[in-house]
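Subject: Structure for your files

Hello,

Here is the structure I promised to pass on. My notes on it follow below.

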Amino acid sequence: MEDGAISPLTDRQKELAHLVAQGLTNREIAQRLGISVFTVRHHVSNIMRKLGVRSRAQIAFIVG
């Protein structure tokens, strides 16, 4: 992973981005982190906006 590419993300967003890159669903991420699926969707949406991407696959590519 190139830290510069994900530097605009908060630590929590980086944690979620790594879980997205592992192929986990929003439900699986929510269960693993003990948060709601709504919160996961909100984080993923913010991650996409900050990274300028439009898909989970693009998040995974950037996180590597």
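**Contacts of Asn26**

Setting aside neighbours within four places in sequence, Asn26 is in contact (heavy atoms within 4.5 Å) with Val37, Val40, Arg41, Val44 and Arg56. Asn26 is found in helix H3; helices here are DSSP runs of H or I with at least four residues, numbered from the N terminus. At 19% relative accessibility, Asn26 counts as buried, where buried means under 20% relative accessible area, exposed over 50%, and partly exposed in between, with a 1.4 Å probe and protein chains only.

Before the rest, the conventions. This is a predicted model, in which local features need pLDDT of at least 70 and side-chain atom pairs count only at pLDDT 80 or more, while totals for chains, interfaces and linings use all residues. Residues are numbered from 1 along each chain as its sequence is written, and side-chain values use heavy atoms, with hydrogens and water left out.

Apart from neighbours within four places in sequence, Ile47 touches Leu9, Gln13, Leu16, Ala17 and Ile59.

H4 has 15 residues and reaches 21 Å from its first C-alpha to its last, close to the expected 21 Å (1.5 Å times one less than the number of residues). Its buried residues are Val40, His43, Val44, Asn46, Ile47, Met48 and Leu51. Just after H4, Gly52 takes a positive phi of about 70°.

The axes of H4 and H5 come within 10 Å and cross at roughly 65°; axes are lines fitted to C-alpha atoms over the stretch in contact, with angles from 0 to 180 degrees between N-to-C directions. Val44, Ile47, Met48 and Leu51 of H4 make the contact with Arg56, Ile59 and Ile62 of H5.

**Phe61**

Phe61 is found in helix H5. Phe61 counts as exposed because its relative accessibility is 72%. Phe61 and Ala21 are 40 residues apart in sequence, with their C-alpha atoms 7.5 Å apart in space.

Regards

Notes:
Helices (H or I, at least four residues) and strands (E, at least two) are DSSP runs, numbered from the N terminus.
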